[in-house]
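This briefing goes through the packing, the charged pairs, the aromatic contacts and the backbone of one protein structure. Please keep the sequence and the coordinates at hand while reading.

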Amino acid sequence: WSDLTLKTIQDYNSYILSKDYSAARYNMLIIALRIPIKAAYKDPSIPFKDADIKEFLEDANKSTSLKDNGKVALSSEQVETIYNLPLKDRAQREVRDMFIFQCLTSLRASNILGADFTKHKGNRQFEVVQVKEKGSFNQVVSLDLDPKIETILERNDWKFKDLDLQTYNKIIEAIIKQTPFANDTITIKTKLASGKIKTTETPLYKAIRSHSGRRTFITEMRSNPNIQDRDLVQFTGHANIELLAIYDKTSKQTSVNNILQAKGK
């Protein structure tokens, strides 16, 4: 610690910027450095050689504001196909139900995995306490949004399996692989830490992950010209509209058509 200087940190930052990491990976590496430094800086027994390190700590949140761009959302027809897949494996059926539940409610995987909703039996609408994103609202689940929501809860006895995220994603991939659109080519544009945009192509089944359910819900809702962001952000639990927009994968053409429709063209 006594040899740590602001230049050390700046060199580290320059190094990871030069690696063409995704913005998400860059964020992770910066946070991994910031946490121990922040703890050590508060410890009077650890002498820092360079007091300007405090500047890094104050600016760290700005450094981690980069976001990935180009994740995948499913269409309502694709969601319906997944829901109706004749899956023989019990684990796949359970994960399929959880994933569809996400698509229909916008809940995060962290709200789904291991969740016990038994206390909500008989309720048509209830709140789910967020476990992530400080400052966000509680999310609202409405069973009236889609009859499949209540069906899924009932056949799982209002409780979901507790899985680690890696296992959950692996099973989701195996499920999507059984759909007729599994090998549809998806173009993903990822914002790199350097600011450049990296374009890659991959089959759909490899691109779908736990957050795709939440992204699917938000994209569908924002594609509806009758739904306003200020209402949607209350439903999804986002802290602000800017965060909500990150999840929206509405095509430019759909956005144009929505405006023309609203204007009666």
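Helices, counted as DSSP runs of H or I with at least four residues, and strands, counted as DSSP runs of E with at least two, are numbered from the N terminus. With that numbering, aspartate 157 falls in the loop between H7 and H8. The model is a predicted one, and the points below are grouped by topic.

**Nonpolar cores**

- The largest nonpolar core comprises 42 residues, and among these Phe101 and Phe117 are the ones that touch the most other members.
- Two or more residues of this core come from each of helix H4 (76-83), helix H5 (90-105), helix H6 (109-112), strand S1 (125-128), helix H7 (147-155), helix H8 (165-176), strand S3 (185-191) and helix H9 (204-207).
- Helix H5 makes the biggest contribution to this core, giving seven residues, the most of any element.
- When neighbours within four places in sequence are left aside, phenylalanine 101 is in contact with Leu107, Ile112, Phe117, Val141, Ile149, Ile152, Leu153 and Phe160.
- Apart from this core lies another, made up of eight residues, including Leu4, Ile9, Ile37 and Phe48.

**Aromatic contacts**

- There are four aromatic pairs in the structure, and one of them joins phenylalanine 117 to phenylalanine 126 in a tilted arrangement, with 5.9 Å centre to centre and 40 degrees between the planes.
- Phenylalanine 117 and phenylalanine 126 are both buried, and together with Phe101 and Phe160 they form one aromatic cluster.

**Salt bridges**

- Within helix H1 (residues 6-17), lysine 7 and aspartate 11 are placed four residues apart, about one turn of the helix, and their side chains meet in a salt bridge with an N to O distance of 2.8 Å.
- Lysine 7 counts as exposed because its relative accessibility is 53%, whereas aspartate 11, at 40%, counts as partly exposed.
- Glutamate 150 and arginine 124 form a salt bridge in which the closest N and O atoms are 2.8 Å apart; since glutamate 150 lies in helix H7 and arginine 124 in the loop between H6 and S1, the pair ties together parts that are 26 residues apart in sequence.

**Surroundings of lysine 148**

- The side chains of lysine 148 and aspartate 146 meet in a salt bridge of 3.3 Å, N to O, and both of these residues are buried.
- This bridge belongs to a network of salt bridges that links Glu80, Asp146 and Lys148.
- Lysine 148 also lies over the face of tyrosine 83, at 5.4 Å from the ring centre.

- Aspartate 157 has a phi near 55 degrees, which is a positive value in a residue other than glycine.
- Tryptophan 158, which lies in the loop between H7 and H8, likewise has a positive phi without being glycine, with a value near 65 degrees.
- Are these two residues buried, partly exposed or exposed? Aspartate 157 is partly exposed, with a relative accessible area of 44%, whereas tryptophan 158 is buried, with a relative accessible area of 5%.

Notes:
Residues are numbered from 1 along each chain as its sequence is written. This is a predicted model: local features need pLDDT of at least 70, side-chain atom pairs count only at pLDDT 80 or more; totals for chains, interfaces and linings use all residues. Side-chain values use heavy atoms; hydrogens and water are left out. A nonpolar core is a set of buried Ala, Val, Leu, Ile, Met, Phe, Trp, Tyr and Cys residues joined through side-chain atoms within 4.5 Å. Buried means under 20% relative accessible area, exposed over 50%, partly exposed in between (1.4 Å probe, protein chains only). Contact means heavy atoms within 4.5 Å. A salt bridge is a side-chain nitrogen of Lys or Arg within 4 Å of a carboxyl oxygen of Asp or Glu. Rings of Phe, Tyr and Trp (its six-membered ring) pair if their centres lie within 6.5 Å; planes under 30 degrees apart count as stacked, over 60 as edge-to-face and the rest as tilted. A charge sits over a ring if NZ of Lys or CZ of Arg is within 6 Å of the ring centre and within 35 degrees of the ring normal.
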